[in-house]
Amino acid sequence: QVQLVESGGGLVQAGGSLRLSCAASGRTFSSYAMGWFRQAPGKEREFVAAISRNGGSLYYADSVKGRFTISRDNSKNTVYLQMNSLKAEDTAVYYCGATRGTDYSGSYYRRSKEYEYWGRGTQVTVSS
């Protein structure tokens, strides 16, 4: 079992930056690919970014490509999401998820249903 705890959210002005962290419990963190998703009020949870087990493969939603960067430190059991050039439409609760699956198609990690564990989320609010 993996427990995930997100942190780093907050209120920021448009154009600003935030760095989210997701700390995982357990000794098997490197066995999981990790993803970040977000959910705005009244909307479905949507894919933001994902990273493979060793960090060698990265995946991004088109809406955040070039502005957000996902990374992980397996020695610290932590995955990060660096968010730059934030926009009002980035406002949402951000969740990290863990999956034992492998993405052979380029779409597996983009589906929230493929993730076995989730954190409780951290709120990001971008003021315009």
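Select Phe68 first: Phe68 stands opposite Met83 in S8. Strands here are DSSP runs of E with at least two residues, as helices are runs of H or I with at least four, and both are numbered from the N terminus. This is a predicted model, in which local features need pLDDT of at least 70 and side-chain atom pairs count only at pLDDT 80 or more, while totals for chains, interfaces and linings use all residues. Residues are numbered from 1 along each chain as its sequence is written, and side-chain values use heavy atoms, with hydrogens and water left out.

**The sheet**

Now show S7 and S8. The two strands run antiparallel and are joined by six bridges; strands count as paired if DSSP finds at least two bridges between them.

**The disulfide**

Next, select Cys22 and Cys96. A disulfide joins them, with an S to S distance of 1.9 Å; the term covers a pair of cysteine sulfur atoms within 2.5 Å. Cys22 lies in strand S3 (residues 18-24) and Cys96 in strand S9 (residues 92-99), 74 residues apart, so the pair links distant parts of the chain. The link of Cys22 and Cys96 is right-handed, with 50° about the S-S bond. A search of the whole structure finds one disulfide. Cys22 is buried at 0% relative accessibility, and Cys96 is buried with a relative accessible area of 0%. Buried is under 20% relative accessible area, exposed over 50% and partly exposed in between, with a 1.4 Å probe and protein chains only.

**The core**

Then select Leu4, Met34, Trp36, Leu81, Met83 and Tyr94, the residues with the most contacts inside the largest nonpolar core, which has 39 residues. Such a core is a set of buried Ala, Val, Leu, Ile, Met, Phe, Trp, Tyr and Cys residues joined through side-chain atoms within 4.5 Å. S5 gives the most to this core, with five residues. Centre on Tyr94: leaving out residues up to four places away in sequence, Tyr94 touches residues including Phe68, Leu81 and Met83, where contact means heavy atoms within 4.5 Å.

**The loop**

Finish at Glu114, in the loop between S9 and strand S10 (117-118). Glu114 is buried, at 16% relative accessible area.
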